Amino acid sequence: MNEVFVGLPKRMVKISVDGTDVQVPEGTTILEACRRLQIDTPTLCQLETLTPVNVCRVCVVEVEGSRVLVPACSRKVEPEMKVLTDSERVRHSRRLVLELLASSVDMALCAQQVHGWMARYGAKPERFGAAATVAQPVKIDNDLYVRDYSRCILCYKCVEACGVDAQNTFAIGVAGRGFDAHISTEFTVELPDSACVYCGNCIGVCPTGALMFKSEYDMRQAGTWDESQQKVTETVCPYCGVGCMLELHVQDNSIVKVTSPLDHSVTAGHLCVKGRFGFQFVQQRSRETKG
Amino acid sequence: MDIRTTGGPPTADEIAAVDGILGSPESIWEGGGRSTQDDHLARGGHAARSQRPLLLPVLHAIQDRMGWVSRGALEYACRRLSIPPAEAYGVVSFYGRFALDERPELALHVCDDIACKGAGADDLCSALEKAFGPSGKTWHRSACLGLCDRSPAALVERAGVPEEREEHQVAPITLEAAQAILRGGRPEDQPRPQVVQRGTVRLLRRVGVVDPESIDSYRKAGGYAALRRALELGSEGVIREVTEAKLLGRGGAAFPTGRKWDAVAKATVRPHYLVCNADESEPGTFKDRVLMEADPFAVVEAMTIAAIATGCEQGYLYVRGEYPLARERIEHAIGEARAHGFLGADIEGAGTRFDIEVRRGAGAYICGEETALFNSIEGKRGEPRNKPPFPVQAGLFGKPTLVNNVETLVNVLDILGEGGAAFASIGTADSTGTRLFCVSGQVRVPGLYEVPMGTTLRALIELAGGLREDRTLRAVLLGGAAGSFVTESQLDVPLSFEGTRAIGATLGSGAVIVLDDTADLEQVLLRIARFFRDESCGQCVPCRVGTVRQEEALKRILSQRETSLREADVALLSDIAQAMRDASICGLGQTAASAIGSAVIQLKLVGP
């Protein structure tokens with residue numbers, strides 16, 4: 001077990017969630033309190049390693065005394081707060097958020113969990129009929145990763161990872177407004193012309209498969225991508241002395257994708273271009289045979 | 001952070017526009033020429049990045065000079081201000097005023113919003129379309145320009161060097177005038193409206209009476225007496241009077257002003273900032289424009305008093321981009337006030353420091369939302385922040401901030417003049433004072449009217465001359481696009497915060513758009529739906545997608561004659577509305593369904 005500095009002692013705050021009293025440290029978010037109580041709360045734009053942006057609104061809960069619902073992911077607990085996570089209003093808004101998203105975005109590659117929430121809240125995106133979507137061609141402008149913005153729910157995670165929350169490269173931002181808001185480089189230039197350094201940290205945080213390794217994309221196109229046939233091997237990145245932990249996703253004895261665990265004390269899920277994409281040498285079979 | 005620019009060099013004009021705001025660059029690090037020193041000394045870091053709030057002024061300068069923002073110009077601005085181009089692009093593309101494609105120098109914005117629609121704006125637009133091609137090249141369909149008392153309205157912008165540059169409001173505009181402008185003619189400045197209301201007015205008493213460009217004229221009319229009184233009373237005394245007056249905010253949310261001032265005054269974090277919200281963009285609203293155009297010194301004086309009461313040394317007045325005259329008058333008034341010692345390091349010799357910077361909006365309704373406005377001043381996209389924290393705790397630049405609407409602030413002059421208790425005796429018990437109402441649409445005399453709170457809607461419409469002959473009332477849109485429709489049977493509603501709340505309506509921004517039986521209500525509803533679709537910032541899902549789905553469902557309902565299918569879409573509308581109201585981040589999303597929802601219920605227009 002690593003030694004972790006736990007900070008100064010915090011005051012405990014008593015709140016009630018769905019009628020159950022719980023004591024949590026001051027500064028805890030409602031979401032953390034819910035998780036402590038094993039209440040499964042849907043989230044899309046929230047990630048432990050990123051600053052909460054509270055834009056997807058799928059985690060909203062009802063707080064007594066508040067006119068509107070509040071986002072559990074960023075609202076901090078207050079003494080005697082009374083929270084409802086499964087009231088009619090909460091269920092309605094969560095259902096609508098999922099429906100509105102699914103009616104405009106291709107969410108097929110979202111985690112199974114997301115599809116579970118859709119079922120739980122009875123989301124029927126098709127009831128909006130012929131509706132405007134963000135469908136558009138996939139952007140393939142480099143050999144390392146592709147951007148399929150028809151899958152983008154605009155959760156801001158990639159922008160945060162590219163910016164102050166991890167990489168500080170600022171190659172992408174949110175551009176446009178309203179339904180036309182989208183993730184973009186300046187003047188939509190292709191990635192090689194942008195400030196992108198190909199760390200792939202945006203892929204690491206993308207919850208919808210909008211950002212994807214080129215290797216994964218190609219295999220999906222060819223119909224050969226099969227997660228049930230993949231093995232994950234943990235190792236430490238060989239390139240420098242930082243000690244980033246790598247998870248090598250291997251299918252048919254080839255590395256198809258590289259990730260790092262979110263809770264790893266060195267990486268917090270983030271890597272650099274070498275750790276993320278510099279794995280080809282491992283599988284240079286031609287060299288092996290030449291011996 | 002390295003700034004990588006690949007868009008080619010800016011033109012000399014573009015450089016001149018940017019340098020006009022920032023001065024010449026000192027080194028290659030800021031986009032200037034290379035000197036030997038630059039090879040040894042890097043510039044950047046916090047000092048360079050702290051210039052971010054200058055981004056919008058710089059973008060305005062480029063747009064003013066060139067008529068659009070090219071890649072070279074934007075990247076030069078990025079170098080100067082140490083902003084990543086992708087972020088700056090996100091900002092430019094957020095604001096409606098900035099064009100990212102090359103455009104002619106001349107742009108004619110023609111309002112086709114509710115009030116102007118009723119005054120023939122649609123015919124005007126189709127005629128322009130025939131003669132000059134579709135909107136978006138030389139002429140542009142625009143949301144409300146805040147000239148609803150003289151509809152149909154237009155705004156002319158001509159880019160160029162400062163001497164050649166033009167920005168004019170033309171209202172009412174005729175087809176002939178529009179054609180002449182588009183063929184290169186220069187419109188003449190129009191006589192400004194006077195207050196048409198007879199009888200006692202308070203907030204409007206100097207409008208049309210004092211010379212808006214003369215501080216002496218303002219002082220002769222009693223100006224700056226309230227400031228002197230404020231300096232006598234001191235912070236606590238002023239806040240006591242404002243609290244006793246029971247003044248409620250006039251921007252739309254009706255928050256008790258005294259409580260807000262008290263919270264900022266007591267906030268321990270320093271500095272405190274003052275923001276005057278003059279980004280009046282609610283369709284059908286023009287009260288703040290009239291106050292700023294005709295009585296700018298009152299706004300400046302009231303801001304100074306608020307600053308003294310709450311301990312602010314720096315104030316910002318964020319004025320709507322489409323109000324060139326208001327901006328000019330306010331800037332002039334600030335200069336005069338500074339020259340006369342009413343602003344600056346030592347106000348009236350009392351040792352108090354306060355100054356005001358004017359910030360110009362750039363075509364985004366959402367920036368009227370206070371936290372979006374802060375982001376805009378900070379040089380960011382105008383996306384609202386989640387609350388809490390509230391502005392009084394962490395507002396502009398993360399510091400305690402007092403943000404008040406123009407009309408709210410101007411009320412303070414009377415409160416100090418006559419005392420809070422006397423002010424509270426006007427109006428109703430819970431809604432004190434008078435209120436400005438922007439009456440537009442199909443009444444005989446559209447204009448700005450001031451009545452005591454609690455006056456009935458019927459009396460207000462009578463004051464504006466009533467309906468035209470032989471016409472009957474179809475509905476009144478109270479509170480603008482974010483408000484709701486009321487009908488003939490509700491005309492006796494007292495115009496007070498509690499009175500309108502009782503019938504499920506709102507005073508909102510004071511917009512009163514009267515629609516008679518000639519009005520095409522379906523078109524009005526579609527315009528409202530389009531307005532919110534266009535103006536949603538796009539940050540949160542309920543509003544970003546909800547406003548689009550709302551428009552789609554409304555279109556289906558209006559074209560669908562079969563009742564059972566209409567019912568399904570009406571139910572869908574109400575589902576969307578509830579999620580937008582409950583789960584949106586800010587007031588825009590929370591009210592974006594209100595007018596359309598009230599039309600479904602009140603007018604039974606689309607009901608089963």
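Predicted model: local features only at pLDDT ≥ 70, side-chain atom pairs only at ≥ 80, totals over all residues.
Biologist: How many residues of chain A are in contact with chain B?

Modeller: Contact means heavy atoms within 4.5 Å. By that rule, 51 residues of chain A are in contact with 52 residues of chain B.

Biologist: What is the area buried between chain A and chain B?

Modeller: About 4000 Å², with carbon and sulfur atoms giving 56%. Buried area is the accessible area (1.4 Å probe) that two parts lose on being put together, summed over both.

Biologist: What makes Arg95(A) and Asp575(B) a salt bridge?

Modeller: The rule asks for a side-chain nitrogen of Lys or Arg within 4 Å of a carboxyl oxygen of Asp or Glu. The closest N and O atoms of Arg95(A) and Asp575(B) are 3.5 Å apart, so the pair counts as a salt bridge. The count between chain A and chain B is four salt bridges.

Biologist: Which element gives the largest share of the side of chain A that touches chain B?

Modeller: That is α2(A), with ten residues. Helices (H or I, at least four residues) and strands (E, at least two) are DSSP runs, numbered from the N terminus.

Biologist: Why is α2(A) called roughly perpendicular to α22(B)?

Modeller: Their axes cross at roughly 105 degrees and come within 9 Å. Axes are lines fitted to C-alpha atoms, for helices over the stretch in contact, and angles run from 0 to 180 degrees between N-to-C directions. Angles under 35 degrees count as roughly parallel, over 145 as roughly antiparallel, 65 to 115 as roughly perpendicular and the rest as oblique. Therefore α2(A) is roughly perpendicular to α22(B).

Biologist: Which residues meet in α2(A) and α22(B)?

Modeller: Among them are Arg89(A), His92(A) and Arg95(A) in α2(A), and Asp575(B), Gln578(B) and Asp582(B) in α22(B).

Biologist: Where is Pro152(B), and what is the peptide bond that joins Ser151(B) to Pro152(B)?

Modeller: Pro152(B) lies in the loop between β2 and β3 of chain B. The bond is cis, with omega about 0 degrees.

Definitions and conventions:
Residues numbered from 1 in each chain as written. Chains lettered and ligands numbered in written order. Heavy atoms only, no water.
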